[in-house]
Amino acid sequence: MTMIMTLQILQVSLFAVPVIALAAFGLVILLRPSAVLNRRWLLLTFLPLLLANLVSIVMNDSQNEIATLSDWRFWAIVAVDLVLAGEIWVWLRGVALYGLPLAQAEPLCKDALAARGYSVAARVGEKRTLLSTAPQATILTVTLESGEQEEIWFTSRAGEVIVRADSRQGMALLRGLLPPLRSHPVTYVFQEHVMGVLYLVLALVLLVFGWIYFFEPRLILVE
């Protein structure tokens with residue numbers, strides 16, 4: 001029984017992490033005039049749920065006196081979770097800007113790269129990601145000292161500007177742009193922060209589902 005309680009506490013804790021993370025993201029986006037977030041912080045909203053699913057299998061096996069390591073369902077879920085985690089890791093490459101519209105972010109990045117001695121050309125074109133296609137991406141082609149070219153590209157929707165690169169070298173260039181993006185003064189415009197409301201709503205919905213799943217059945221039993 002002690003092991004079951006420990007697993008239940010672990011499962012609740014894992015479920016709570018996405019709620020706290022979504023609420024924190026929402027508040028940061030809403031309260032700061034300009035917010036620059038690493039998109040891979042969103043893994044805090046996915047990975048704990050995948051781990052909680054594994055804990056649920058282990059807990060069910062313990063209750064039914066089944067050896068977890070011999071349970072094919074456990075290994076099937078581990079394989080699926082690893083594939084999902086890898087795809088999400090790649091998909092979440094880049095940074096998200098809130099409060100800094102594309103019309104300001106793109107020239108700011110272009111000027112910062114030019115100031116470092118790079119040749120930069122801007123165009124609008126199509127970019128494909130692991131899970132989607134952006135038909136109207138703003139693409140900066142950066143020519144390095146070696147003559148190689150890297151691309152940093154921007155997409156925008158609902159006040160959220162996503163800045164991405166397709167290679168490690170491109171991501172290194174992008175990381176060098178974070179200080180000017182964070183320090184650029186902006187005027188607070190609520191329309192550029194509406195994603196914060198969405199994150200808070202998602203946190204509330206997840207909290208309600210967690211309450212129904214973990215606590216409502218126990219309250220009914222007590223009554």
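Predicted model: local features only at pLDDT ≥ 70, side-chain atom pairs only at ≥ 80, totals over all residues.
Helix H1 (2–31), strands S1 (35–38), S2 (95–98), S4 (133–143), S5 (149–157) and S6 (160–165), and helix H6 (194–214) each supply at least two lining residues to the largest pocket. H6 gives the most, with five residues.

Next comes the second largest pocket, with a volume of about 220 Å³. Its lining includes Leu37, Asn38 and Arg40, then Arg93, Gly94 and Val95. Ser167, Arg168, Met171, Arg175, Leu178 and Arg182 also line this second largest pocket. Helix H5 (168–183) and S1 each supply at least two of the lining residues here, and the largest share, five residues, comes from H5. The lining of the second largest pocket divides into four nonpolar, three polar and five charged residues.

Finally, turn to a single side chain, Glu106, in helix H4 (residues 102–115). Which side chain of opposite charge is nearest to Glu106? It is Lys110, 5.1 Å away. A salt bridge needs a side-chain nitrogen of Lys or Arg within 4 Å of a carboxyl oxygen, so Glu106 is buried yet has no salt bridge. Leaving aside residues up to four places away in sequence, Glu106 touches Ala122, Thr138, Leu140 and Phe154.

Notes
Residues numbered from 1 in each chain as written. Heavy atoms only, no water. Helix = DSSP H or I, 4+ residues; strand = E, 2+ residues; numbered from the N terminus. Buried < 20%, exposed > 50% of the residue type's maximum accessible area, 1.4 Å probe, protein only. Lys, Arg positive; Asp, Glu negative; His and termini not counted. Contact = heavy atoms within 4.5 Å. 1 Å grid on protein atoms, 1.4 Å probe; cavity = no way out; pocket = protein on both sides within 12 Å on 5 of 7 lines; lining within 4 Å. Points joined across faces, edges and corners; volume = space filled by probe spheres on them. Nonpolar A, V, L, I, M, F, W, Y, C, P; charged D, E, K, R; others polar.
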